Amino acid sequence: MKKLFLKAGDQLSKISIIGGAGTLGTAIAYQLSNHQNIDEICLIDKNRNLLLNHVMDFQNAFPAKKIYEGTYNDLKRSDIIIITAGIPNRNDITSRNVFLEGNLKLFHDLGAEIKKHAPDALIVTASNPVDLLNYYLYRKFGFRKQQLIGFTRNDSLRFEWAIRKTMQLSARDQVFSPVIGEHGESQVLLFSHLKINGLPIKMSMDQIGQIKEQIQGWFIQFNQLNINRTTGWTTANGMGELVTKLLDPTPSEFIGSAVLEGEYGVSDVSIGVPITISNEGIHGVQEWDLNVVERGFFQNSVNQVKDYMKSPVFI
Ligand SMILES: NC(=O)c1ccc[n+]([C@@H]2O[C@H](COP(=O)([O-])OP(=O)(O)OC[C@H]3O[C@@H](n4cnc5c(N)ncnc54)[C@H](O)[C@@H]3O)[C@@H](O)[C@H]2O)c1
């Protein structure tokens, strides 16, 4: 696979965003426009006038960068393609899986376009349900599993937020707060791998209860605001971290949804796990020690995702 990381003075990187006029697409485009190793951002969206409105704004905001509205033909030469396209959000949902049927139809078309115009690009899926759609790209279009990452970083960021609130930490404190499993209700908060300022920490049952309660209540509260907007800023922040790692030749750790083939005793599914990534994509899945409770929760999460794969819409 071609090397994507380019030194100063060389050609910089190109990112394409499918769904570029939406909440996620625009927030990510803004975040990546500030990235020093990116000089070209192609935005694709079926809502053309809204897209043009954002493009004209972005071009003035970042005059040195090439930011434009594209068609699928413009996916060629993309180093990374980020998919945020989706059917409209709904406030009445308790699970991201309600978007499966509508977004599968959409992925059926855009997967074919990516295969045709940029078959070797790294592909990051943010559209929901992340795990199922990432696996669909693998199974339906035969992209290599190393190319495909489902974006689940918001779960770890939300875990960090709840920990900071509960423990009353300061901005100077460093928190490592991994979440694995489905990007959805069955996600697994890895308390056993939690670190504050580089050191493992054992929380009381009361603290664990408070943290879980805040996270479980968060999605419901957010939707009950009834404004049909998703988490643009959280996603832009996490996507900035992910793209930085995907442009770097030095492998580093991240948590994302990856296609498993035997890791953690699991196959034929994409689900959130610790992965090693670089500008060549996913190097491998890290198999962390999980305690017996976490292993059970993880297996339950795998089962939940696999149950949706049995649905007639997925087959
Ligand atoms: N992974 C995560 O952490 C995370 C976080 C928030 C939202 N999401 C998901 O990301 C997706 C996008 O969320 P959003 O709030 O940006 O939605 P949005 O409705 O604001 O944006 C979606 C965009 O996709 C475009 N679109 C629809 N069909 C298209 C097609 N065929 N071709 C090109 N563009 C098309 C729409 O015009 C729209 O601009 C949703 O599925 C949402 O559930 C994921």
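Residues are numbered from 1 along each chain as its sequence is written. Because the model is predicted, local features need pLDDT of at least 70 and side-chain atom pairs count only at pLDDT 80 or more, while totals for chains, interfaces and linings use all residues.

The domain assignment of the chain gives domain 1 (13–152 + 230–246) and domain 2 (153–228 + 288–309); such bounds come from an automatic or database domain assignment. The centres of the two domains, taken over C-alpha atoms, are separated by 25 Å. Contact is made between 20 residues of domain 1 and 14 residues of domain 2, two residues being in contact if their C-beta atoms, placed from the backbone, lie within 7 Å. On the side of domain 1 that touches domain 2, the elements that give two or more residues are α4 and α7. The largest share of that side, five residues, comes from α7. Helices (H or I, at least four residues) and strands (E, at least two) are DSSP runs, numbered from the N terminus.

The largest nonpolar core holds 75 residues, and I81, I82 and I123 touch the most other members. Helix α4 (residues 130–141) provides the largest share of this core, seven residues. At least three residues of the core are drawn from each of domain 1 and domain 2. A nonpolar core is a set of buried Ala, Val, Leu, Ile, Met, Phe, Trp, Tyr and Cys residues joined through C-beta atoms within 7 Å. A residue is buried if 20 or more other C-beta atoms lie within 10 Å of its own, exposed if 12 or fewer, and partly exposed in between, with C-beta atoms placed from the backbone. Leaving aside neighbours within four places in sequence, I81 is in contact with S16, I18, L75, I114, A118, A121 and I123.

Two packed helices are described by the angle between their axes and the distance between the axes. Axes are lines fitted to C-alpha atoms, for helices over the stretch in contact, and angles run from 0 to 180 degrees between N-to-C directions. Helix α3 (residues 100–117) packs with α4 at an angle of about 45 degrees, their axes 10 Å apart. This angle makes α3 oblique to α4; angles under 35 degrees count as roughly parallel, over 145 as roughly antiparallel, 65 to 115 as roughly perpendicular and the rest as oblique. In this pair, L100, N103, L104, F107, G111, A112 and K115 of α3 meet L132, L133, Y136, L137, K140 and F141 of α4.

For α5 and helix α7 (residues 232–246), the angle is about 115 degrees and the axes are 9 Å apart. The two helices are therefore roughly perpendicular. Their contact involves R153, N154 and L157 of α5 and T234, T235, G238, E241 and L242 of α7. R164 also lies in helix α5 (residues 153–167), and counts as partly exposed because it has 17 C-beta neighbours inside 10 Å.

Most residues other than glycine have a negative phi, and most peptide bonds are trans. The peptide bond from N128 to P129 is cis, with omega near -5 degrees, and P129 is placed in the loop between β5 (122–125) and α4. Y264, in the loop between β12 (252–261) and β13 (267–278), has a positive phi near 55 degrees. D268, in strand β13, has a positive phi of about 60 degrees.
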